[in-house]
Amino acid sequence: MEKTWWVYVVECSDGSLYTGISTDVTTRVRHHNTSTRGAKYTRSRRPVKLATQFPAGSRSEALKQEIAFKKLSRKKKLEFIKDYCGTCRCMPCDCQEVFGF
């Protein structure tokens, strides 16, 4: 069985946002905070905390959604984090219409 890929967003200690993909978000966030396996960007901005995550299915879909999220303005990213509907991947809602993914 293929693992589900997730798009995740962490908020860094300086208030900046970092977006990535993973099949195990909990472990990935721990890497960002404690090891050299975290992204270079987050190493100097520790600690990071998980702001949101959403399932993307395949790795390919996760990469596409990560790119789409990164193209949003900071304001739109923060709106998404605040308003994201956790069930929207299972049923129709406004998230896809509002945010495009």
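**Figure 1. Contacts and overall fold of the predicted model.** Of the contacts in the protein with a separation of 6 or more, 54% are between residues 24 or more positions apart, a contact being heavy atoms within 4.5 Å. This is a predicted model, in which local features need pLDDT of at least 70 and side-chain atom pairs count only at pLDDT 80 or more, while totals for chains, interfaces and linings use all residues. Residues are numbered from 1 along each chain as its sequence is written, and side-chain values use heavy atoms, with hydrogens and water left out. The secondary structure comprises five helices and three strands, arranged from the N terminus as β-β-α-α-β-α-α-α; helices (H or I, at least four residues) and strands (E, at least two) are DSSP runs, numbered from the N terminus. The average pLDDT, the predictor's confidence in each residue from 0 to 100, is 87, and 83% of the residues score at least 70. Among the elements, β2 has the highest mean pLDDT (98) and helix α5 (residues 95–99) the lowest (67).

**Figure 2. The paired strands.** Strand β1 (residues 5–11) pairs with strand β3 (residues 49–57) in the antiparallel sense over seven bridges; two strands pair if DSSP finds at least two bridges between them. Within this pairing, tyrosine 8 stands opposite glutamine 53 in β3. β1 also pairs with strand β2 (residues 17–22) in the antiparallel sense, over six bridges, and glutamate 11 stands opposite leucine 17 in β2. Five residues lie between the strands in the hairpin of β1 and β2, where glycine 15 takes a positive phi near 90 degrees.

**Figure 3. The nonpolar cores.** The largest nonpolar core has eleven residues, among them Val7, Leu17, Phe54 and Phe69. Such a core is a set of buried Ala, Val, Leu, Ile, Met, Phe, Trp, Tyr and Cys residues joined through side-chain atoms within 4.5 Å. A second, separate core of eight residues includes Tyr8, Val10, Tyr18 and Val48. Buried residues make up 37% of the 101 residues in the protein, where buried means under 20% relative accessible area, exposed over 50%, and partly exposed in between (1.4 Å probe, protein chains only).

Figure 4. Arginine 28 is found in helix α1 (residues 25–34). Arginine 28 is buried without a salt bridge, and the nearest side chain of opposite charge, that of glutamate 66, is 8.8 Å away. Charge is assigned by residue type: Lys and Arg count as positive and Asp and Glu as negative, whereas His and the chain ends are not counted. Apart from its neighbours within four places in sequence, arginine 28 is in contact with Tyr8, Ser22, Arg37, Gly38 and Ala39.

Figure 5. The structure holds four salt bridges, each a side-chain nitrogen of Lys or Arg within 4 Å of a carboxyl oxygen of Asp or Glu. One of them joins the side chains of arginine 45 and aspartate 14 (3.0 Å, N to O). Because arginine 45 lies in the loop between α2 and β3 and aspartate 14 in the loop between β1 and β2, the pair ties together parts that are 31 residues apart in sequence. Proline 47 is also placed in the loop between α2 (40–43) and β3, and the peptide bond from arginine 46 to proline 47 is cis, with omega near -5 degrees.
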